[in-house]
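Please look at the sequence and the structure below.

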Amino acid sequence: MFKCGAGILFVTAILFSSTLSVAKGSEPTSQEVILNYVDPLGAYFSVEILKNMSLISSSVKSSSGFHALQLSRTPTIIVKSKVMESGLSTTFIVDMPSKAGNDPGWRLTLPGAQAYVLEAVEANEVFMPLPFCAIQKTPPCKLSETSSKVVLFEIQHITSQSVLLDSLLRERDLVWDDQSSKRVITKWSANGTLIGVEFTGLLRGKGERIVAPDATSTFVVGLSIDGRVSIRQREADEAVNPNAILFSFEEQK
Amino acid sequence: MKAFYICGVLWRSSCVLCFFLVVPESYGSSDVLNVSSFMMTPKATWADVQDVTGVNVDTTETFAEDGSLGFRVFHLRSSVRGKKQAALDLAAAGIIESGDILLSFRPLWDRTLAYAHMQLGISHSSIAFVVREGDQRFVMTLESPISYSSPLNYPEHYADLDAIHVVRPTLEHDQKTNLERWARLILNDPERFRFFGDYSMPMYRRGMPEIRSPIEQVEYLAQVALGVVSGPFESYCSEFVWSVFGLRNCSPSTFEKGCISPMFDTASGMLPGIVPQMVNGAGLVQGPEAALVNADIPDLERRAILTGSVFVDVVGDPSQLSGRMSSGHLKVAEDNRGNMKLLNGYYASGEPIAAAHGINSTVTDNVSPTSFLVRSNAQLDGLKYVGTVVFDR
């Protein structure tokens with residue numbers, strides 16, 4: 001069932017519908033899809049794009065267009081004191097709209113221990129036959145249409161924003177968090193338009209200590225359809241005063 | 001959901017058409033619980049529950065292929081994840097009872113690393129109580145970190161929690177009342193209760209002079225809660241839940257050590273690593289085995305699953321793990337890589353008793369968040385699986 005392009009759309013549609021917040025008999029409103037479940041590699045790709053918005057910004061803004069973004073890990077070996085690239089070991093790819101055909105592309109090494117390289121490349125016959133990551137589960141693979149839309153959404157924010165995430169972090173005295181699990185929450189209109197993306201687990205307060213091993217800081221990065229990049233802090237919707245609640249034995253008094 | 005698969009198989013070009021025809025009938029379906037069979041629960045261990053009443057909760061059942069392993073699923077609205085409304089909805093539907101154990105389930109741990117598989121994707125445990133505030137009845141948790149105790153809305157934990165298992169101990173009315181009384185004392189002075197982050201080091205092994213056994217650990221909890229000693233009582237989540245349950249036969253007003261009763265029927269009251277052949281028991285590492293045994297999976301098939309799917313690392317690339325588990329859990333998984341290979345060899349060689357004893361000699365009797373489901377899967381200690389809460393309506 002999952003081996004055809006229509007099957008991909010089919011699965012994606014199922015997962016959209018599974019989060020449809022519809023009361024029976026009423027019209028559908030916005031829908032939420034957690035990218036980690038739909039396309040885990042796509043979720044990782046989009047997190048790397050977000051974390052490196054500032055680094056990517058100048059390359060993206062100066063580029064007249066490209067066909068695809070490729071994220072790959074190039075293990076290096078040292079031969080006679082000379083560092084040599086041993087080739088691609090991990091590849092993700094997403095189709096991007098091309099504005100002009102002659103752009104040479106660009107290549108950036110992302111910070112971090114894993115030494116990932118992000119490249120804008122021409123999508124050619126080598127990449128197009130790659131299976132979808134959501135199906136194959138392991139790279140090299142092609143990100144799903146859902147992930148592609150998320151990445152494109154991020155690129156649009158990069159090109160339209162003068163104040164990017166790093167500036168917001170400094171303003172709010174926040175730092176990147178390397179402890180929590182990273183989560184990508186996408187929001188879609190009823191007609192399938194991506195209207196927002198939220199990222200959790202990426203940030204924490206500078207002095208914040210996340211206590212439990214599976215906890216996540218309350219800071220959320222948001223990209224909205226109006227092009228804004230924002231950071232909000234989640235709070236409990238209603239605080240409960242333990243002294244005001246009654247256990248059953250207290251109700252019986 | 002079967003209609004989807006049939007449509008997909010028969011009509012490649014009409015998949016989308018099938019979707020539009022079938023989706024309105026699949027209200028409340030979710031892919032979140034599409035996990036390996038060993039992470040599911042044996043149908044034989046399910047608690048009998050009344051029909052769910054409540055307009056905001058739907059109940060379904062989903063099974064692995066042979067129907068002996070699955071989940072009873074309580075579907076709440078996606079909009080109430082991490083909100084007090086979830087606690088209100090669950091109380092109104094009668095799904096949760098005071099004394100139920102809530103287990104944070106991380107389906108994304110499936111098909112990742114051996115250690116995560118062994119833990120059945122469970123990362124946290126808490127105790128639930130149904131309480132009243134004004135004219136509202138809702139579920140209130142008691143847990144460590146104590147600050148997480150909430151109507152399922154403490155944002156650091158519940159905002160990103162997609163699934164919650166509910167495991168029900170067998171409790172008499174007086175036992176529930178005792179647990180409520182202890183919960184009241186603990187919540188009255190939460191500063192005396194702190195989180196301890198090393199899950200491999202239960203309190204009785206930390207060199208505290210007055211606490212040299214699990215039972216003394218429970219006694220210490222009572223003393224701190226009663227204000228007899230100043231504390232603090234420092235525990236990880238599962239250790240806290242286990243300790244509180246050890247006081248279920250104790251009324252705070254007449255507390256004496258003799259009433260303490262650890263909730264696990266084992267020599268120490270906590271769990272060993274392995275109970276050989278699962279004879280009259282199940283240990284810390286035997287959650288998947290217990291699920292498969294009590295689902296009557298044949299021996300050869302069970303061994304194939306344990307050695308080929310459970311105690312193996314499926315994902316090696318860190319890029320595929322950062323969106324599935326925290327770095328803390330990832331480190332624990334990596335630190336235990338050698339132990340997981342040992343366990344794989346144990347099952348591959350037919351579970352020799354001598355090997356089990358050898359493994360146990362290196363493991364401290366302990367209680368993990370998974371322990372409660374391990375014992376439920378093994379039909380022990382009066383623990384039963386009620387269902388799994390998801391937020392997909």
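In which strand of chain A is A:Ala68 found? A:Ala68 is found in strand β2 of chain A, which covers residues 68-73. This is a predicted model, in which local features need pLDDT of at least 70 and side-chain atom pairs count only at pLDDT 80 or more, while totals for chains, interfaces and linings use all residues; side-chain values use heavy atoms, with hydrogens and water left out. Residues are numbered from 1 along each chain as its sequence is written, and chains are lettered from A and ligands numbered from 1 in the order in which they are written. Helices (H or I, at least four residues) and strands (E, at least two) are DSSP runs, numbered from the N terminus.

A:Ala68 counts as buried because its relative accessibility is 0%. Buried means under 20% relative accessible area, exposed means over 50%, and partly exposed is in between, with a 1.4 Å probe and protein chains only. The C-alpha atom of A:Ala68 is separated by 25 Å from that of A:Asp166, and the two residues are 98 apart along the chain.

Next comes a sheet. Chain A has an open sheet of five strands in the order β1-β10-β11-β13-β14, with antiparallel pairing. Two strands pair if DSSP finds at least two bridges between them. Strands β1 (31-34) and β14 (229-233) of chain A stand at the edges; each has a single partner strand, so one side of each is left without a neighbour in the sheet. From one strand to the next, the twist averages 25°. Within this sheet, β11 (residues 194-200) and β13 (residues 219-224) of chain A pair in the antiparallel sense over five bridges. There, A:Phe199 has A:Val221 in β13(A) as its bridge partner.

Helix α6 (residues 145-160) of chain A lies across β10 (183-188), β11, β13 and β14 of chain A and runs at about 90° to β11(A). Here axes are lines fitted to C-alpha atoms, for helices over the stretch in contact (heavy atoms within 4.5 Å), and angles run from 0 to 180 degrees between N-to-C directions.

Another helix of chain A, α4 (residues 53-62), contains A:Ser57. Is A:Ser57 buried or exposed? A:Ser57 counts as buried, because its relative accessibility is 10%. Leaving aside residues up to four places away in sequence, A:Ser57 touches A:Ile158 and A:Leu164.

Strand β7 (residues 116-121) of chain A is mostly covered, with six of its six residues buried. In a regular strand the side chains alternate between the two faces of the sheet. On one side of β7(A) the buried residues are A:Tyr116, A:Leu118 and A:Ala120, and on the other they are A:Val117, A:Glu119 and A:Val121. Strand β6 (residues 106-109) of chain A pairs with β7(A) in the antiparallel sense over four bridges, and A:Thr109 stands opposite A:Val117.

In chain B, strand β10 (residues 384-391) is largely enclosed by the rest of the structure, because seven of its eight residues are buried. Strand β3 (residues 69-76) of chain B pairs with β10(B) in the parallel sense over four bridges, where B:Leu76 has B:Phe391 as its bridge partner. Strand β7 (residues 163-168) of chain B pairs with β10(B) in the antiparallel sense over six bridges, and B:Val166 has B:Gly387 as its bridge partner.
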